[in-house]
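Hi,

Here is the structure I promised to pass on. Have a look at it first, and my notes on what turned up follow below.

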Amino acid sequence: MSRPADNGSPAPELELPAHFPGLGDDAATGGPYVDHTELRRIVGRLRTKLDSLRGSAPASMSATYSGPGTIGEVAGMGNVGPQETGQWEVASSFGANTEQAYTVLDPSYGKLLDHVEQWADAVEKAIANYERFHQDSSA
């Protein structure tokens, strides 16, 4: 693979993961086979998990439920500084380090969830485009 003109990193080689639901080999064409229904189901499950990580309460829980791994929990439990760890030198330094890490992690966690959601949108859009163009083609 050649280097891009801007001397950046080359594009990664894409490889279908073995046994990924909805992906396989198409014996008739020799290319990949994509089960659109299965991929939509997987993206739907991913969106459900994203909702719970954003703190949306499942139907069986109270509306104030946040839960493990949610943005609210990470923000609340990760906001530790010297006041919480203690005033002696080592504890205070540890608290200052965790406070510094929190300033980076707190907004990054939400951004990560945003990027995963954008990826899910792109997969759904790609499937819709493929199906629309296949339907509109002469095949």
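With 5 residues, α4 supplies the largest share of the lining of the largest pocket (helices are DSSP runs of H or I with at least four residues, numbered from the N terminus). A pocket here is an open set of points on a 1 Å grid over the protein atoms alone, where a 1.4 Å probe fits, with protein on both sides within 12 Å along at least five of seven lines, and lining residues have an atom within 4 Å of a point. The volume of this pocket is about 300 Å³, counted as the space filled by probe spheres set on the points. Among its 13 lining residues, L23, V34, L39, V123 and I127 are the closest to the centre. By class, the lining has 12 nonpolar, 1 polar and no charged residues (Ala, Val, Leu, Ile, Met, Phe, Trp, Tyr, Cys and Pro count as nonpolar, Asp, Glu, Lys and Arg as charged, the others as polar).

This is a predicted model, with local features needing pLDDT of at least 70 and side-chain atom pairs pLDDT 80 or more, while totals for chains, interfaces and linings use all residues. Residues are numbered from 1 along each chain as its sequence is written, and side-chain values use heavy atoms, without hydrogens or water.

Now the helix packing. α1 (residues 36-54) meets α4 (residues 89-136) at about 160 degrees, with axes 10 Å apart (axes are fitted to C-alpha atoms over the stretch in contact, and angles run from 0 to 180 degrees between N-to-C directions). The pair is therefore roughly antiparallel, a label for angles over 145 degrees.

Helix α2 (residues 71-78) packs on α4 at about 175 degrees, again with axes 10 Å apart.

Best wishes

Definitions and conventions: Helix = DSSP H or I, 4+ residues; strand = E, 2+ residues; numbered from the N terminus. Parallel < 35°, antiparallel > 145°, perpendicular 65-115°, else oblique.
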